[in-house]
Amino acid sequence: MTYNYTEEWSREKIFEVADELVGKTLGEIDKSGWLEKKANKGKIGNMIQSDFFGIPANSISGPDFMYHGIELKVTPVLEKSMRDYTSKERLVLSMINYEKDYKIPFEESVVNKKAKDMLLIFYLHKENMPVKDFRIIKTTLFELSLDDELQVRQDYEGIIGKIREGKAHEISEKQQVFLGACTKGQGKGKDFVKQPFSPELAKKRAYSYKVGYMSAYVRGLLRLQKKEHINVPKQKSFVEGIKEVLDAYKGRTASEINNMLSDKQSSNSKSFLFNIISAMFETKGSNVNRTEEFIKEGYCVKTIVNRLQSGKNQDMSFPNIDFTEIYNDEFDDSTWYGYFAETNYLLVVWDEYKENEYRFIKYVEWSPGEEILIPAEKLYNKIKYMLDNDLVEVDNEGKSNHQAWIDNLPKRGEFAPLQIRPKGSGESVIINLPNSHQRIKKKSIMIDKSYMRRVVGLD
């Protein structure tokens, strides 16, 4: 059904009608072929706006529900496990205007205004599945809690402060906690603009709620289970608190630490060392990276093990590659961008001082810089080009799913220090590439172990 939004609608009716979207697939809503439009940024939002609400999709500035001042935002979420959700990407609010925004206090800012007048529509993005099968799972009026508003205000003032200091060119997404300043533009020299207090050009940026913050927001809306929390010293900042916890165990062996913990971990588990870290924060068996604090603050724990036999040292792994995402989304809207542009990593280093015995020797805070972000974007775009032009070739003739399949996707060394390679084994690792009948083994992103060893000072 297509509605016809008019000025006669009440504010309440907008949200009542929006609730009818829940349970529908994007394919069921698409009446005009929006999902077939390959290079169309915002096509899902435009589709819902035009084919469901009956509002013409255009680029005219102003709220989508013009008579009520309400903006429509459509955003994908990922299901990490049963009833545990995260946001797939940040939520972009509005472009930063370097020439004007420094004059505007938070109360009158576009950030604060949109905190009161946004209709959010969440759909479930499923890895390597057709977009038409994605299903809408929630609609809501966005609401900013008082505690969150304090941090968003600080983030906004931090961005504005950089503009006033003539340092808009130094703004980085990792400088903020909840409200980010994400890069925007088409590249090729078009993504730099003037700033008022310096002759140096600054990158085009937009106000956005970061992936971590949106993940915490989504979890609050959708999860039925109790939220997991970490136990850190009170009256300390997040970073100060996690450092104090880790410092209490640093220098001890894994066995010694395990004996100190109230929640003992099995040394037979493949994730024994990571589980010990989670237990240090008293997560009661939960993954520390799935706790409310780590998600909201945009932090992630990774372990690095210095093996007795150097050949057993491992590359750092990230989640499986979602080829559907690469085919449909630009790098700046991808999970890859979230991994490398928005996330801060806590690298916990273990030393194998004798066979199968480990000591916690140090931890390092690490924020991936351009050495990672640039090759990541190039690798992403290379795969995207190959998918767009149906150039991926797979040699699996006469081979079972358990045997090695050869393909022509980028190899190790082409986009160092990043690489992609198969992950997993058996039938479950086989997927279909989007827009073709080509089957391929699942792959994941890796960062070369030699690079990560330098990051933590092992080489």
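**Close-up 1. Contacts around Arg205 in the predicted model.** In this predicted model, Arg205 touches Met95, Ile96, Tyr98, Ile171, Ser172, Glu173, Ala181, Cys182, Thr183 and Lys184, leaving aside residues up to four places away in sequence. Arg205 itself belongs to strand 9, which covers residues 205-209.

Close-up 2. Although Arg205 is buried, it has no salt bridge. The nearest side chain of opposite charge is that of Glu173, at a distance of 5.1 Å, and a salt bridge is counted only within 4 Å.

**Close-up 3. Setting of Asp322.** Asp322 sits in the loop that runs between strand 11 (316-320) and helix 11 (323-328). Asp322 counts as buried because its relative accessibility is 8%, and buried means under 20%. When residues up to four places away in sequence are not counted, Asp322 touches His125, Lys126, Glu127 and Asn128.

**Close-up 4. Backbone nitrogens reached by the Asp322 side chain.** A polar atom of the Asp322 side chain lies 2.9 Å from the backbone nitrogen of Asn128, which is one of the residues that Asp322 touches. The side chain of Asp322 also reaches the backbone nitrogen of Thr324, at 3.1 Å.

**Close-up 5. Asp322 and Glu8.** Glu8 and Asp322 are 314 residues apart along the chain, and their C-alpha atoms are separated by 43 Å.

Terms used
Residues numbered from 1 in each chain as written. Predicted model: local features only at pLDDT ≥ 70, side-chain atom pairs only at ≥ 80, totals over all residues. Heavy atoms only, no water. Helix = DSSP H or I, 4+ residues; strand = E, 2+ residues; numbered from the N terminus. Buried < 20%, exposed > 50% of the residue type's maximum accessible area, 1.4 Å probe, protein only. Lys, Arg positive; Asp, Glu negative; His and termini not counted. Contact = heavy atoms within 4.5 Å. Polar contact = N/O pair within 3.5 Å; in protein donor to acceptor, adjacent residues only side chain to side chain.
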